[in-house]
Structure formats: C-alpha cells, structure tokens
Amino acid sequence: MKTTLDIPNDLIREAMKLSKSNTKRQAVIMALQEFIRRKTIEEAIAMQGKLEFMADWEKLRHER
C-alpha cells in the first residue's frame, strides 16, 4: 500500500543508520516489524499467570 508520510529527516536517517537499511522504505518496515514484535511480547508477558492449563491437555489434544 502506498502511503505518504512526513517523517523528520534526522529521524529517518538515524533509523536507516541503526538498522543498516539502504532505503527509507526498508528502515520503516524494519521499525514497524520491531514495534509489532515488542508489543506482542508485552501482551504475552501481561497475560502471565492469567491462563490455566489442565494437566491432561495432551489427552484432550488427541481427542479432537
């Protein structure tokens, strides 16, 4: 999807430098992927202790 963004030059240059990206597009894609990865991990950590697993989960899995 083509989108026009107004990103400050110094910010995109720093992102390109740190990510070793050759293009602005590549730097933005890498930044978005990292953001999604971190948020997914945060959500998983937030659920710690809130899920219960039955001791017989293996048996139930094979009954499907």
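1. Which helix does M30 lie in? M30 lies in helix α2. A word on the basis of this note: the model is predicted, so local features need pLDDT of at least 70 and side-chain atom pairs count only at pLDDT 80 or more, while totals for chains, interfaces and linings use all residues. Residues are numbered from 1 along each chain as its sequence is written, and side-chain values use heavy atoms, with hydrogens and water left out.

2. Let us begin with the helix pair. Helix α1 covers residues 9-19 and helix α2 covers residues 24-46; helices here are DSSP runs (H or I, at least four residues), numbered from the N terminus. Their axes come within 9 Å and cross at roughly 75 degrees, which makes α1 roughly perpendicular to α2. Axes are lines fitted to C-alpha atoms, for helices over the stretch in contact, with angles from 0 to 180 degrees between N-to-C directions; roughly perpendicular stands for 65 to 115 degrees.

3. Now for the residues that meet. From α1 come I12, A15, M16 and S19, and from α2 come K24, A27, V28 and M30; contact means heavy atoms within 4.5 Å. By class, this contact has six nonpolar, one polar and one charged residues. Ala, Val, Leu, Ile, Met, Phe, Trp, Tyr, Cys and Pro count as nonpolar, Asp, Glu, Lys and Arg as charged, and the others, Gly among them, as polar.

4. Back to M30. At 34% relative accessibility, M30 counts as partly exposed (buried is under 20% relative accessible area, exposed over 50%, partly exposed in between, with a 1.4 Å probe and protein chains only). Leaving aside its neighbours within four places in sequence, M30 is in contact with S19 and S21. M30 and A15 are 15 residues apart in sequence, with 9.1 Å from C-alpha to C-alpha.

5. Do have a look at K20, in the loop between α1 and α2. Phi of K20 is near 55 degrees, a positive value in a residue other than glycine. Most residues other than glycine have a negative phi. K20 counts as exposed, at 71% relative accessibility.

6. The pocket lining is worth a visit too. Among the residues that line the largest pocket are M1, K2, I12, K24 and V28. α2 gives the most to this lining, with five residues, and α1 and α2 each supply at least two. The lining divides into seven nonpolar, two polar and three charged residues.

7. One more stop is L51, in the loop between α2 and α3 (57-63). L51 counts as exposed, at 51% relative accessibility. L51 and L11 are 40 residues apart in sequence and 40 Å apart in space, C-alpha to C-alpha.

Technical notes:
Parallel < 35°, antiparallel > 145°, perpendicular 65-115°, else oblique. 1 Å grid on protein atoms, 1.4 Å probe; cavity = no way out; pocket = protein on both sides within 12 Å on 5 of 7 lines; lining within 4 Å.
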